[in-house]
Amino acid sequence: MATVPYQSSADTAERLIAEAMRQGTSHLATGLDAPPGTYLRIGGRDLVNFGTCGYLSLEQEEEVRRGAVDATERFGVQFSISRGYVASGLNLELEELLREMYDDHPVLVYSSTSLCHISVLPALLGAGDLAVLDQQVHFSVQTAAQLGRQQGIELAMVRHNDLDALERRLRRAQGAGERIWYLIDGVYSMFGDVAPVEDLVRLMAAYPALHLYVDDAHGMSWYGRHGAGYVFEKLGRRLGERVVLVTTLAKGFGTIGGVAVLPTEEAFHQVQVNGGPLMYSHPLPPPMLGAAIASARIHLSARIETLQAELAERREHCNELLAAAGLPVVSDPRTPVYFIGLGEPGVSYSMVRRVLDEGFYVNQSSFPLVPLKKSGLRFTLTRHVGSDHIQGLVEALAHHLPQTLREAGRTMADAWSAFGPVLS
């Protein structure tokens with residue numbers, strides 16, 4: 001199997017992050033006098049918000065805010081007891097609503113998605129299993145997978161979306177009784193591309209050893225019936241017995257927390273009993289449970305389709321403008337996560353700095369978030385921004401990119417070639 005090494009050069013990461021901080025493109029902070037929404041107040045300036053992940057803007061919805069306030073008034077701000085002893089009734093109510101969203105698949109809620117991974121992966125994978133990590137799978141999944149080494153789980157990493165390498169390993173495992181778990185994102189958080197779900201379904205049909213562990217945090221809410229997400233919808237809203245889905249309440253859902261959607265009641269019980277953080281970490285506090293319950297009810301109502309359609313209109317408008325501008329967009333046009341491929345980190349610092357100066361908040365992305373020479377400018381769409389904001393951003397990108405590349409001694413062809421066949 002063509003594996004790639006873990007990108008663990010702390011010195012390189014520290015140097016690049018320090019340079020991003022020096023150039024004012026990283027580790028910024030908002031003020032205390034304005035809530036984040038259409039604008040982020042940074043350094044005394046209101047920048048149009050193209051950097052946060054609340055895709056449906058539910059964090060500012062009246063029902064969600066009221067849900068948090070009502071739960072606080074009824075139950076206070078903390079429920080400090082392990083779920084192994086007592087589960088909050090609000091927690092159980094939220095899980096029942098989420099179970100309805102996911103067509104009666106069993107669900108567990110965590111205080112964060114990272115804790116969810118740390119709980120679920122070691123509970124379900126066992127000695128003799130091989131975990132194959134996509135090179136771009138979220139770092140929280142990579143961190144949780146490392147815990148499996150102590151249980152005799154072998155780890156390998158393949159280049160992004162390299163299903164040929166995965167299949168070579170599957171062929172060798174045929175008849176050996178070895179389970180191979182492929183750890184992926186549904187929508188990748190940096191490049192904004194999507195998992196090849198249809199191809200993976202075909203591989204699962206051909207190779208009974210193949211299991212999928214999917215983090216679809218960035219695919220939730222804006223896509224699918226009840227906002228259940230990109231992967232769940234593409235799988236026909238059934239996980240089967242060999243797919244585990246993890247997602248988040250902290251992005252499109254508008255609140256906070258991690259969610260494990262299990263394929264069977266047996267898997268649910270296995271995680272419920274053996275999933276460490278369920279025993280030793282705090283559950284979601286009442287304010288966040290109240291907000292999440294309110295958001296879940298929106299997801300289960302017809303209103304979610306209206307919200308999804310509003311975001312889809314913005315996305316289509318943005319895609320048209322980007323295509324007309326001829327910018328090196330390497331992200332999937334179906335998602336609200338956009339990535340302008342630039343290549344060298346220095347080019348991305350300069351480009352992001354220029355766009356910030358124009359009044360648009362975007363994300364500078366370089367190693368270790370992406371491979372070293374696949375740096376770029378990342379931005380996201382939410383319902384907070386309108387067509388005029390989107391047009392202004394694309395015009396700023398189109399204006400500044402040629403000059404940024406010239407000053408770095410690069411061309412548009414260099415920017416495209418850094419990403420090869422898309423994201424290979």
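**Exercise 1.** In which sense do strand 6 and strand 7 pair, and over how many bridges?

*Solution.* This is a predicted model, in which local features need pLDDT of at least 70 and side-chain atom pairs count only at pLDDT 80 or more, while totals for chains, interfaces and linings use all residues. Residues are numbered from 1 along each chain as its sequence is written, and side-chain values use heavy atoms, with hydrogens and water left out. Strands here are DSSP runs of E of at least two residues, and helices are runs of H or I of at least four, numbered from the N terminus; two strands pair if DSSP finds at least two bridges between them. Strand 6 (residues 180–185) and strand 7 (residues 210–215) pair in the parallel sense over 6 bridges, with isoleucine 180 opposite leucine 210.

**Exercise 2.** Describe the surroundings of serine 221.

*Solution.* Serine 221 lies in the loop between strand 7 and helix 8 (230–234). Its relative accessibility is 0%, and therefore serine 221 counts as buried, a term that means under 20% relative accessible area (1.4 Å probe, protein chains only). Beyond its neighbours within four places in sequence, serine 221 is in contact (heavy atoms within 4.5 Å) with residues including Leu56, Phe253 and His299.

Definitions and conventions
Buried means under 20% relative accessible area, exposed over 50%, partly exposed in between (1.4 Å probe, protein chains only).
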